[in-house]
Amino acid sequence: MITSQRQTCFFQKDWTGTGERGIRDRMLIPAIFFGAVSPGLFISSLFFDYIPGLWIALVMNFIGYGLTHLLYLGRMGRFWRGLSNVRTSWISRGLLFNIIFSVSALLYACSVTFESTLLSGGRIVLLLKIASAASAVLFAAYPGFMLSFVKAIPFWRSTLEPVLFFIQAIMGGIAIQLLSLTITGVNHSMMSILLRMNFVLVLFVLILILTALIMKALHGEAERVSVRSLISGALSPHFLWGTIVAGLIVPLLFLAVIILSGLDGSVPELLLYPVMLLQLSGIYLGKYSIIRAGAYAPVTGFGVGPRG
C-alpha cells in the first residue's frame, strides 16, 4: 500500500506471481515471456525462411508457454473452459490465438521441413503460412490488449500496450534467432539484416517506454504511483536497471558500434551472447515490472471514488 496526500493506492496482487501456491503462481511471468518470444521468433524466422528457428519457436511455445500456463491454472484439467468467453474475454481470445498458432505453425513447419508430406502442396503451404503468421501476430500482441482493457488499473490502460508487447516479441525473437545462428551456422547476410532490424526495434521500444512513462506521470495518482514504483521504488532495480539500462541501452550502444564499424556481418560470439541475453532478460524483467506496478485507487460508496 502507498499513501499520498490525495488518496490511498494499492498494488494489484492477482498477477504478482507471489501467491500461496508456491512455484505454480510463479509460472505466470514465464508463460507471458515465452508467449511473446515464441511467436516473435516464428515471425522473424518466417521472414527469412529460417527453418531451425521455426522449430525452436514451436518448442518454446509448447513447453515455455503451454506447460507453464497449464501449471499456473487453478485446475489444469479445465483449461479448455478458457474458450467459453471468446466474445468478451481477451484471456479466452489469447487461448484461441495460441491454439490456431500452435496447429498452423506446426503443420507449416512440417510442410517445409519434410517435403514428402501430404501438406507439401503449394496452395496448402501458402494458407498455412498466412494462418500461422496472422495468428502469431495476434498471439504476440494479445497480452497488451488484455492489460489495456483492465479498467481498474489505469497504468495498464493505454493503446501503447499492444504495440509494446508486439514489438518486444519481435525483438526477443530476433535475439534468439541471432543466438541460434551461431549454432546452426552463421549466415552473414541474415545476421547483418537482423542486427540492423534489432537496432531499430530496441530504439523504438526505448522511446515508446519513456513516452509512456511521461504520459502516465502526468495523469492520475494511481498512475503516478505506478511510475514511481518503477523509477525510484521497489521495482526500480528490475525496471530501471534491468529493463532500461541493461536490456535496452547496453544492447543499443553495442548494436550502434557494431553497425557503424561495419562488423554487423561477423560479430564475435563472445560479444553477441551476453548482449542478446541481456536484451532477453530486459524483456522478461520489463513484463514482470509492468505487471507488478499495476496500482489502483479503491472505490468508495456506490462505485464512486473519494471526493474533495
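Colleague: Which residues of the largest nonpolar core touch the most other members?

Modeller: Among its 77 residues, they are Phe42, Phe155, Leu178, Leu195, Ile209, Leu248 and Leu272. A nonpolar core here is a set of buried Ala, Val, Leu, Ile, Met, Phe, Trp, Tyr and Cys residues joined through side-chain atoms within 4.5 Å, where buried means under 20% relative accessible area, exposed over 50% and partly exposed in between, using a 1.4 Å probe and protein chains only. This is a predicted model, in which local features need pLDDT of at least 70, side-chain atom pairs count only at pLDDT 80 or more, and totals for chains, interfaces and linings use all residues. Residues are numbered from 1 along each chain as its sequence is written, and side-chain values use heavy atoms, with hydrogens and water left out.

Colleague: What does leucine 248 touch, not counting residues up to four places away in sequence?

Modeller: Leucine 248 touches Met171, Val202, Val205, Leu206, Ile209 and Thr243, a contact being heavy atoms within 4.5 Å.

Colleague: Why is serine 45 called buried?

Modeller: Its relative accessible area is 0%, so serine 45 falls under the cut-off and counts as buried. Serine 45 sits in helix 1, residues 28–48; helices (H or I, at least four residues) and strands (E, at least two) are DSSP runs, numbered from the N terminus.

Colleague: Why does glutamine 279 count as buried?

Modeller: With a relative accessible area of 0%, glutamine 279 is under the limit and therefore buried. It belongs to helix 9, residues 269–292, and, leaving aside neighbours within four places, it is in contact with Met171, Ala175, Asn198, Val202, Gly247 and Pro251.

Colleague: Why does aspartate 49 count as exposed?

Modeller: Its relative accessibility is 55%, over the cut-off for exposed, so the word applies. Aspartate 49 lies in the loop between helix 1 and helix 2 (51–72), and its phi is near 55°, a positive value in a residue other than glycine. Most residues other than glycine have a negative phi.

Colleague: What makes helix 7 largely enclosed by the rest of the structure?

Modeller: Eight of the 11 residues of helix 7 (residues 221–231) are buried, and that is why it is described so. They are Glu221, Ala222, Glu223, Val225, Ser226, Val227, Ser229 and Leu230.

Colleague: Which residues of helix 1 and helix 3 meet?

Modeller: Ser38, Pro39, Phe42 and Leu46 of helix 1 meet Phe101, Ala105 and Tyr108 of helix 3. By class, this contact has six nonpolar, one polar and no charged residues, where Ala, Val, Leu, Ile, Met, Phe, Trp, Tyr, Cys and Pro count as nonpolar, Asp, Glu, Lys and Arg as charged, and the others, Gly among them, as polar.

Colleague: How far can the model be trusted, and what does pLDDT average over the chain?

Modeller: The average is 84, and 85% of the residues score at least 70, pLDDT being the predictor's confidence in each residue, from 0 to 100. Over residues 1–6 pLDDT stays under 50, as it does over residues 301–308. Where pLDDT is low, the predicted coordinates should not be read in detail.
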